[in-house]
Amino acid sequence: MTKRKVLVTGGAGFIGGNFVQYMMDKYSNYEIYNLDLLTYAGDLTKHRSIESKTNYHFVKADITDREAIISLFEKEKFDYVVHFAAESHVDRSITDPGIFVRTNVLGTQVLLDAAKQIDIDKFVHVSTDEVYGELDFKPTTFFTENTPLEPNSPYSASKASSDLLVRSYHETFGLPVNITRCSNNYGPYHFPEKLIPLTISRLLNDEKVPVYGDGQNIRDWLHVIDHCAAIDLVLHEGASGEVYNIGGHNEKTNLEVVKTIISALGKSEELIEFVEDRLGHDKRYAIDPTKLEKLGWKPTYNFDTGIAQTIDWYLQNKEWWEQIISGDYQEYFDEQYKFNKSSI
Ligand code: NAD
Ligand code: TYD
């Protein structure tokens with residue numbers, strides 16, 4: 001099997017972390033470089049089982065640090081780059097948009113410049129369906145790769161901007177790229193600021209679960225391992241310059257998601273607390289994955305099997321999320337949900 005050097009940015013985060021594990025398991029002949037700044041969302045304890053392996057390397061760096069990134073690329077001459085590193089939480093982008101522009105837009109441009117200097121085989125830019133904006137509630141409308149970009153949050157606007165830069169480096173400089181746009185992920189090591197891990201962790205502590213607005217907004221949920229398999233396929237088989245949407249037709253209202261978890265954990269629905277809606281809250285996301293299916297991808301989990309596996313993981317790995325929610329997280333939570341502090 002051919003040897004390959006793979007740079008994974010954001011490999012200490014949720015999806016990047018799962019992807020690092022997935023690649024280490026599948027490709028023993030690949031050298032995996034995990035580059036991460038270790039922001040609040042990054043943690044390396046998830047990689048304890050691989051950290052002593054000789055084909056795993058961790059590099060602590062900021063993707064906006066041009067000098068460090070260019071010299072790393074010149075030294076290591078990566079074959080593949082899979083770019084996950086980002087600020088990823090919509091609520092934080094409403095409070096502080098600036099860091100989203102810096103990391104997601106400028107950081108991506110630095111990586112593109114570095115990749116352009118060396119003879120790279122593929123640069124996969126991991127984006128999101130949120131760049132397409134929102135759909136109405138008609139169950140027959142979906143995001144395709146040709147849906148216009150109409151991002152509504154500072155987070156999705158920064159991701160759309162980075163997508164356009166990636167596209168331009170392909171068109172202008174011939175950089176071999178793919179852009180993937182996935183729906184909402186869930187699964188092991190999901191940071192408990194996002195809906196599903198927040199709900200599980202709070203319910204396990206018998207705390208109230210904040211549901212924005214009327215809870216009728218719809219998200220299309222995909223298990224993180226199915227996302228990793230899709231990226232692996234696009235990395236190796238995707239036609240250069242192409243965009244691929246990733247999703248498994250698992251649409252649920254937020255209230256359905258929360259009630260499913262409540263029922264699985266045997267808790268009371270009285271723990272649901274409807275709170276003030278998110279500003280600019282997108283109504284519905286739903287992916288048409290036909291293009292990726294034609295490349296040979298299909299998901300292994302549906303929502304029922306995926307959420308059961310995920311809840312079980314959070315039950316078995318309490319020490320991981322307890323260590324997170326006992327730190328700076330509590331300050332974030334109090335600030336974010338302060339309008340309902342008395343009830344939450
Ligand atoms: P995450 O917030 O869990 O992880 C992001 C990682 O990036 C962290 O480890 C963090 O330390 C690192 N990072 C942040 N700024 C950095 C910088 N300047 N330099 C180097 N590293 C930095 O995010 P996630 O949920 O795993 O998402 C990963 C990617 O997938 C993002 O690009 C996101 O837009 C995209 N995505 C996420 C979802 C989802 O449902 N979570 C869905 C589709 C696409
Ligand atoms: P989130 O997990 O933040 O992902 P995204 O905003 O990228 O879709 O939110 C998923 C949905 O859940 C979204 O419609 C907002 C909603 N939500 C709540 O109702 N309460 C919460 O506390 C959070 C974090 C999200």
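Some conventions to begin with. Residues are numbered from 1 along each chain as its sequence is written, and chains are lettered from A and ligands numbered from 1 in the order in which they are written. Since the model is predicted, local features need pLDDT of at least 70 and side-chain atom pairs count only at pLDDT 80 or more, while totals for chains, interfaces and linings use all residues; side-chain values use heavy atoms, with hydrogens and water left out.

I start with ligand 1. Its shell holds 29 residues, and the closest are Ile15, Asp36, Ser88, Tyr155 and Lys159; a residue belongs there if one of its heavy atoms lies within 4 Å of the ligand. By class, 14 of the shell residues are nonpolar, 11 polar and 4 charged.

The largest share is that of β5, with 3 residues. Helices here are DSSP runs of H or I of at least four residues, strands are runs of E of at least two, and both are numbered from the N terminus.

On the backbone side, an N or O atom of glycine 13 is 3.0 Å from an oxygen atom of ligand 1. Taken alone, ligand 1 exposes 840 Å², and the protein buries 96% of that, by the Shrake-Rupley method with a 1.4 Å probe.

Next, alanine 12, which sits in the loop between β1 (4-9) and α1. Its relative accessibility is 0%, so alanine 12 counts as buried; the cut-off is under 20% relative accessible area, with a 1.4 Å probe and protein chains only. Beyond four places in sequence, its contacts include Asn34, Asp36, Leu38 and His47, where contact means heavy atoms within 4.5 Å. Threonine 39 is 27 residues away along the chain, with 9.1 Å between the two C-alpha atoms.

Now ligand 2. There are 18 residues around it, the closest being Glu130, Arg219, Arg278, His281 and Tyr337. The classes are 8 nonpolar, 4 polar and 6 charged. β8 gives the most to this shell, with 3 residues.

Here side chains reach oxygen atoms of the ligand: a polar atom of glutamate 130 at 2.5 Å, an N or O atom of arginine 219 at 2.7 Å, and one of asparagine 254 at 2.8 Å. Of the 510 Å² of accessible area that ligand 2 has on its own, the protein covers 97%.

Last, helix α12, residues 329-336. Tyr329, Tyr332, Phe333 and Gln336 are buried there. Why do they lie on the same side of α12? Because they cover an arc of only 95° around the axis, taken from the directions from the helix axis to the C-beta atoms. These buried residues pack against α3 (90-95), α6 (195-204), β8 (209-212) and α11 (318-325). Of these, α3, α6 and β8 each supply at least two residues of the shell around ligand 2.

How values were computed: Buried < 20%, exposed > 50% of the residue type's maximum accessible area, 1.4 Å probe, protein only. Polar contact = N/O pair within 3.5 Å; in protein donor to acceptor, adjacent residues only side chain to side chain. Nonpolar A, V, L, I, M, F, W, Y, C, P; charged D, E, K, R; others polar.
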